[in-house]
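Student: I've got a model open and I'd like to learn how to read it. Can we go through it together?

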Amino acid sequence: MASPEDPLYRTPRQILEGVLRQAGRGPDGVSGGILLMHLGTERGSAERADSVLPEMIRSLKARGYGFATVDRAGP
């Protein structure tokens with residue numbers, strides 16, 4: 001389990017900001033991308049990556065992104 005002292009550790013807010021920053025880059029941003037979020041179940045509920053998922057979805061939809069399940073995201 002990554003701890004806050006680990007250089008690879010990211011808070012949910014840092015994860016959200018990183019995804020939104022990537023979404024704003026270039027003409028395609030994160031189009032066609034798959035966001036894999038390990039839940040970090042050993043973290044408290046406020047520190048789990050999925051705690052920012054509703055805000056991430058709202059923000060990406062506001063930028064024109066859509067969502068699909070993996071089985072529907074093919075070519």
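Tutor: Helices (H or I, at least four residues) and strands (E, at least two) are DSSP runs, numbered from the N terminus. Here that gives 2 helices and 0 strands. Keep in mind that this is a predicted model, where local features need pLDDT of at least 70 and side-chain atom pairs count only at pLDDT 80 or more, while totals for chains, interfaces and linings use all residues. Residues are numbered from 1 along each chain as its sequence is written, and side-chain values use heavy atoms, with hydrogens and water left out.

Student: What share of the 75 residues is buried?

Tutor: Buried means under 20% relative accessible area, exposed over 50%, and partly exposed in between (1.4 Å probe, protein chains only). By that rule, 16% of the 75 residues are buried. Gln14, which sits in helix α1, is partly exposed because its relative accessible area is 39%.

Student: Which residues form the largest nonpolar core?

Tutor: In soluble globular proteins, nonpolar side chains tend to be buried together. A nonpolar core is a set of buried Ala, Val, Leu, Ile, Met, Phe, Trp, Tyr and Cys residues joined through side-chain atoms within 4.5 Å. The largest one here has 9 residues: Leu16, Val19, Leu20, Ala23, Val30, Val52, Met56, Leu60 and Tyr65. Two elements, α1 (12–23) and α2 (53–62), each give two or more residues to this core, and α1 has the largest share with 4.

Student: At what angle do α1 and α2 pack?

Tutor: Two packed helices are described by the angle between their axes and the distance between the axes. Axes are lines fitted to C-alpha atoms, for helices over the stretch in contact, and angles run from 0 to 180 degrees between N-to-C directions. For α1 and α2 the angle is about 15 degrees, with the axes 10 Å apart.

Student: Which residues of α1 and α2 meet?

Tutor: Contact means heavy atoms within 4.5 Å. From α1, Arg13, Ile15, Leu16, Val19, Leu20 and Ala23 meet Glu55, Met56, Ser59 and Leu60 of α2.

Student: And what does Met37 touch?

Tutor: Met37 lies in the loop between α1 and α2. Leaving out residues up to four places away in sequence, Met37 touches Ile15, Ala49, Asp50, Leu53 and Met56.
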